[in-house]
Amino acid sequence: QGSELSGWAMGRWTYEGIDLNHNFADLNTALWDAEDNDLVPHEFPNHYIPIPEYYTFANATVAPETRAVIDWMQRYPFVLSANLHGGELVVTYPFDMTRTYWKAQELTPTADDGVFRWLATVYATSNLAMASEERRLCHYDDFMRFGNIINGANWHTVPGSMNDFSYLHTNCFEITVELSCDKFPHVSELPAEWENNRESLLLYMEQVHRGIKGVVRDSDTGQGIANAVISVDGINHDVRT
């Protein structure tokens, strides 16, 4: 149909009426409550936060697609991810949910804010449409002032986002790429959209090689140690091997 005949909400909800973009478990609130009570990380973890019991009930409003993705994430130790959206030209990074629950917008960085800003910048600066000096605003927000990246919660709050869930429940760092002003480009426009994003996608995937990597071994036997927790001074978010 193209954007001329499609509203912004076309395709947003499943047949069951669930918005998959808001359907993951809210782990943020539990973490922030624990932080406020000085329970992190000794009594409450700052990573691999368990899924709340209410979310696992059969009658919980959780789409089968969401459950399938969570099962997938738990089976494979992903470390880098991006989800692709349309309708804007900007890259957003966690947290997506505002820490002050009644605020619609609020800068809410993670403990790994520097890494997330780098990941978002890698994509934004290599995306041909975002990097073009001749580009116009998609709508009203001028993301060019910020290098075409923004903290998700500082744009609009999204409780239960996949980005926040990935960061708090797994080792995965995930961003959102709003990759085109047009949510529904015509078939004839797809080759240009691909060229706009091809190099960005490749450069983004290459970022898995940044940072510390290796195998944690027993110093006596040399055997690998499963589920070893790695802590970095000054970063209140551990990771697990």
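Me: First cysteine then. Is C138 buried or exposed?
Reply: Buried. C138 has a relative accessible area of 16%, and the cut-off for buried is under 20%. Keep in mind that this is a predicted model.
Me: And C181, how accessible is that one?
Reply: C181 comes out at 33% relative accessibility, so it counts as partly exposed.
Me: What joins C138 to C181?
Reply: A disulfide, with an S to S distance of 1.9 Å.
Me: How many disulfides does the structure hold?
Reply: One.
Me: Which parts does the pair tie together?
Reply: Two loops. C138 sits in the loop between α5 (128-131) and β3 (149-151). C181 sits in the loop between β4 (173-180) and α8 (190-206). The tied parts are therefore 43 residues apart in sequence.
Me: Left-handed or right-handed?
Reply: Left-handed, because the torsion about the S-S bond is about -70 degrees.
Me: What about C172, buried or exposed?
Reply: C172 is buried, at 4% relative accessibility.
Me: Switching topic. Which residue does the UniProt "active site" annotation cover?
Reply: E178, according to an unreviewed UniProt entry.
Me: Where does E178 lie?
Reply: In strand β4.
Me: Is E178 buried or exposed?
Reply: Buried, with a relative accessible area of 9%.
Me: What is E178 in contact with, leaving aside neighbours within four places in sequence?
Reply: The list includes the run H85, G86, G87, E88, L89 and V90. M130 and W155 are also in contact with E178.

Terms used:
Residues are numbered from 1 along each chain as its sequence is written. This is a predicted model: local features need pLDDT of at least 70, side-chain atom pairs count only at pLDDT 80 or more; totals for chains, interfaces and linings use all residues. Side-chain values use heavy atoms; hydrogens and water are left out. A disulfide is a pair of cysteine sulfur atoms within 2.5 Å. Helices (H or I, at least four residues) and strands (E, at least two) are DSSP runs, numbered from the N terminus. Buried means under 20% relative accessible area, exposed over 50%, partly exposed in between (1.4 Å probe, protein chains only). UniProt positions are given in the numbering used here, feature names are shortened, and annotations may be inferred rather than shown by experiment. Contact means heavy atoms within 4.5 Å.
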